[in-house]
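Please look over the sequence and the structure shown here.

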Amino acid sequence: MWMILAFSAGVATGSSGSEVVGFDPVITGRCLAAMSEDQSPRSCIGASAEHCMETTEGGWSTRGMSKCLDQELQYWDARLNAAYGKVRTMRKATDKEMSDIGSSAPSQAEALLAMQRAWIAYRDATCDYERSHWGGGSGGGPATVSCHMYMTAEQALFLEADAIVE
Amino acid sequence: MRFLALFTALLLGSAAFAQDAFTPAATEACLAGLDRKTDKRVCVGASARQCGETNDEAACMASEIAYWDIRLDVAYALVLDRAKGKDDDAVHLNIKPRDQTGALMAAQDSWHQYRTNTCAFEQTLWGSGLADAPEVRACHLYLTAEQVFYLEAVASIE
């Protein structure tokens, strides 16, 4: 768990967001809240970063884009870690209940950990591949952060939905 | 893109589906009718559902999973071919090779492990705990379709 948290948060280091004034995760929250049932929450991913690029001076520069995307990555990363922690607590409780009644059912918490580890490897390899489209070009920076942001958001939404399953 | 669709259709035409009653028409018609903003996933499973109205649901689901597996192979082969082409170009142009082929293969391998482990986790959540529980099947169906959408999008951009 701690390894995953550290690993996950490590992605976004390298740029602090102090100069970014236009970032506000409320934009994403508002988008998610306004969705109808037949819409996918995925359509809200990137909304805060885009707003940030539009409202920050130099927001559309390579550096500006990276910073804005990185801010939203941090937002989703925090949500992912929170959702993961919640699901892990629930799954551990179920494991204990099952073992208390003498069940030999496979551990849900261990399966969760294996899933999250595999997801991290998948995220990193996929974003490395995305970067390869850019060669050494300057677009590779924002493209890689964007990839991490989208994938992290999707996994956060997946685990948040899973947290509802009792 | 049109080439891809044709290639897919040819491959699928010759594929032996477990269930003769299965046709991917409902899924494909749904995808063809989507606007760009709608999440393609709403169409995943449409054919299995239609087939399941009058046939064994598990067999119908297996058939749609087989459909997406083939489509994944086609999309992956196309993108891999492009990656190899780019790597070859770099060699001929004497520019720094980016090894996109290696990056793509690593990404696809990691995706397979991600699908395996994610659906194994789902498997622990459901009553039967069996690999062929409907929820586990649905996990394979959706994750495979999503990777197809991803690779097909990459292929259409390049």
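## A loop residue in chain B

B:N94 counts as exposed, at 71% relative accessibility. Exposed means over 50% relative accessible area, buried means under 20%, and partly exposed lies in between (1.4 Å probe, protein chains only). This is a predicted model: local features need pLDDT of at least 70, side-chain atom pairs count only at pLDDT 80 or more, and totals for chains, interfaces and linings use all residues. Residues are numbered from 1 along each chain as its sequence is written, chains are lettered from A and ligands numbered from 1 in the order in which they are written, and side-chain values use heavy atoms, with hydrogens and water left out.

B:N94 sits in the loop between α4 (57-93) and α5 (100-125) of chain B. Its phi is positive, about 60 degrees, although B:N94 is not a glycine. B:D99 is also placed in the loop between α4 and α5 of chain B. Phi of B:D99 is near 45 degrees, again positive in a residue other than glycine. B:D99 counts as partly exposed, at 46% relative accessibility.

## Chain A overall

Chain A has 6 helices and 0 strands. Helices (H or I, at least four residues) and strands (E, at least two) are DSSP runs, numbered from the N terminus. Of its 166 residues, 46% count as buried. In chain A, 75% of the contacts with a separation of 6 or more are between residues 24 or more positions apart. A contact means heavy atoms within 4.5 Å.

Which residues of helix α3 (residues 47-55) of chain A are buried? They are A:S48, A:A49, A:C52 and A:M53. Seen down the axis of α3(A), these buried residues fall within an arc of 140 degrees, so they line one face of the helix. The arc is that of the directions from the helix axis to the C-beta atoms.

## Aromatic pairs

Over all chains, the structure holds 4 aromatic pairs. Rings of Phe, Tyr and Trp (its six-membered ring) pair if their centres lie within 6.5 Å; planes under 30 degrees apart count as stacked, over 60 as edge-to-face and the rest as tilted. A:Y75 and A:W76 form an edge-to-face pair, 5.1 Å centre to centre, with 75 degrees between the planes. Both A:Y75 and A:W76 are buried.

The rings of B:W68 and B:F149 have centres 5.4 Å apart and planes at 80 degrees, so this pair is edge-to-face too. B:W68 lies in helix α4 and B:F149 in helix α6 (residues 134-157) of chain B, so the pair ties together parts that are 81 residues apart in sequence. B:W68 is buried at 0% relative accessibility, and B:F149 is buried at 13%. B:Y67, B:W68 and B:F149 form one aromatic cluster.

## Salt bridges

The structure holds 9 salt bridges over all chains. Each is a side-chain nitrogen of Lys or Arg within 4 Å of a carboxyl oxygen of Asp or Glu. Among them are these:

| Pair | N to O distance |
|---|---|
| A:D100 and A:K96 | 3.0 Å |
| B:R41 and B:E146 | 3.0 Å |
| B:R115 and B:D69 | 3.6 Å |

B:R115 is in helix α5 and B:D69 in helix α4 of chain B, 46 residues apart. B:R115 is buried, at 13% relative accessibility, while B:D69 is partly exposed, at 29%. Salt bridges that share partners join A:R42, A:E154, B:D39, B:R41 and B:E146 into one network.
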